[in-house]
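Visitor: Please show me the model, and let us go through the terms used to describe it.

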Amino acid sequence: MRDPRRTFAQTAVELVDQDLSVALVYAEISGQWLHEAERRHPDRVVNVGIREQLLASVGAGFALAGMRPIVHTFSSFLVERAFEQVKLGFNHQDVGGVLVGYGGSVDVSAGGRTHQSPGDVALLDTLPGWTIHVPGHADEVEQSVRLAVRGDGREYVRVVGQQNRESFPVRPGRFHVVRRGAGATVVAVGPVLDAVLEATQGTDVTVLYANTVRPFDGAALRSVLVAPEVVLVEPYLAGTSSRLVADALVDVPHRLLALGIGHVELRRYGSPEQHLAAHGLHAAGLRRGIGDFLAGGLRNAG
Amino acid sequence: MTTEHLTTHRAASSGYEDLPRLMSLMTGDEKHDAAATSTLDVVWVLYDRVLDVSPASIEDPGRDRFFLSKGHGPMAYYATLVAKGFFPEEWLPGWASYASPLGQHPDRNLVPGVEISSGSLGHGLPMGVGTALALRAQGLGSRVVVLVGDAELDEGSNAEAMALAGALRLDRLTVVVVDNASTSYHRPHVIAPRFALEGWRAAVVDGRNHDEIETALQQRRDGRPTVVVAEVEDR
């Protein structure tokens, strides 16, 4: 199995080698795989140093002059630290760009909170028009990066180390139906799919898989829905996509369970697996959470 | 882009002497204090004598770019763009109203000839670094001139841009600092040396003297970005 982060770097280098209109801007991170391309294309592959505000704005500046920027560092510094640069450099200027963040919510578990970005998707969700890729496999990383660079819109690719066993085609705005059942519908986003499949084994649920989550494929959710019960499982802040489920089912009385990274700071180190377990996102935690939800029913308010 | 307006309004014919009248259409005042006009002479000299850009070339990839990073107080900028024919004078009186494309901070998506949407400080120079890199990568001979205020340099993002532009020898990039000593912790004569330490060619000029401004802003391709500190009356 390929490493997702290294796959991103190799794909990005291929794209700058092939296309003179593509620029790659980074801030030290992943430089071990980008230095050679930087020597070949010193004007288009640029390490800005440890300067993330500048990173985002330089990407926007490339776009203002008609080029297609790939902008890369850890998600925590790309989206959270430099959020206003993203908001004004890309949205307010109304130019396109491809942001590729690495690390997600738990990859740097031993590094602690400073390098974790469970809020990246929720933050970008405050801005209109971003296509958000949440690849759950290295092959999906490659597909997403190629698709994103080929387009001209605003795209965020959330690269993480955790992978599912199998990859699915990347079709922005379209979810995959992985399993059909007569009961609830579980939406698994990116790298949580394997744990969701394991947790729901032997239960009669439908499983949708989203390797792109914005636009949110509400039509797929409606089309597969049997019982009016939905479980969201997201590898970032719990509830990030809840409003989109509510929008999709605005005329359908339904119950929703939103699982994901908790809002409370964990203050633990250890492994990514330990962090996922702490947030109830390993198979056992999901089995418990989904089981409790499905065992309960609607209660009358008050 | 509102190209329709470009063809319908009268040809550019206004000069420097028309700028106070054009600004009065926005402010309602006959006279303007130094703060309102701090950028006036620099912006005028740029469009009148320095930049290779015109209403006919605002979509040309090879045009020179002017980034007004200090987006507040844009009256002198709007007046200059009108005088040079980028958009019609008739837009000025309604500025900052709901129906007007002219805001208290300019928006590149609403105003022909405006290159960046600005207002929040510290974004123009970092974006200018990216655009200057893109011009170099595309083999274009054009340049980027970014106008910042002296207090805007409080924003740390400028320090990031200053260091990288020097290191990458971005001689397509010029910064004009309009210095009216408005930063709260003002120390005289530090701006030019700060840039120079990072590898920039630095000049200090009288921000009201058109010939001095023009000479300092002439482009030189010697592997160094240029900063011109244009001193005007203290705020």
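Visitor: In which sense do strand S1 (residues 22-26) of chain A and S2(A) pair, and over how many bridges?

Guide: S1(A) and S2(A) pair in the parallel sense over 3 bridges; two strands count as paired if DSSP finds at least two bridges between them. Within S2(A), Asn47(A) is the bridge partner of Tyr26(A). The model is predicted, so local features need pLDDT of at least 70 and side-chain atom pairs count only at pLDDT 80 or more, while totals for chains, interfaces and linings use all residues. Residues are numbered from 1 along each chain as its sequence is written, and chains are lettered from A and ligands numbered from 1 in the order in which they are written.

Visitor: How many residues of chain A are in contact with chain B?

Guide: 26 residues of chain A are in contact with 22 residues of chain B, a contact being two C-beta atoms, placed from the backbone, within 7 Å. The largest share of chain A's side, 9 residues, comes from H3(A). By class, that side has 11 nonpolar, 10 polar and 5 charged residues. Ala, Val, Leu, Ile, Met, Phe, Trp, Tyr, Cys and Pro count as nonpolar, Asp, Glu, Lys and Arg as charged, and the others, Gly among them, as polar.

Visitor: Why is H3(A) called oblique to H5(B)?

Guide: H3(A) and helix H5 (residues 124-137) of chain B pack at an angle of about 45°, with their axes 6 Å apart. Axes are lines fitted to C-alpha atoms, for helices over the stretch in contact, and angles run from 0 to 180 degrees between N-to-C directions. Angles under 35 degrees count as roughly parallel, over 145 as roughly antiparallel, 65 to 115 as roughly perpendicular and the rest as oblique. H3(A) is therefore oblique to H5(B). Their contact has 10 nonpolar, 7 polar and no charged residues.

Visitor: What makes H2(B) and H4(B) oblique to each other?

Guide: Helix H2 (residues 19-27) and helix H4 (residues 75-83) of chain B pack at about 125°, with their axes 9 Å apart, and are therefore oblique. The residues of their contact divide into 10 nonpolar, 2 polar and no charged.

Visitor: How do you know whether Asp150(B) is buried or exposed?

Guide: A residue is buried if 20 or more other C-beta atoms lie within 10 Å of its own, exposed if 12 or fewer, and partly exposed in between. Asp150(B) has 23 within 10 Å, and so is buried. Asp150(B) is found in the loop between strand S2 (144-149) and helix H6 (156-167) of chain B. Leaving aside neighbours within four places in sequence, the contacts of Asp150(B) include Val177(B), Asp179(B) and Ile191(B).

Methods
Helices (H or I, at least four residues) and strands (E, at least two) are DSSP runs, numbered from the N terminus.
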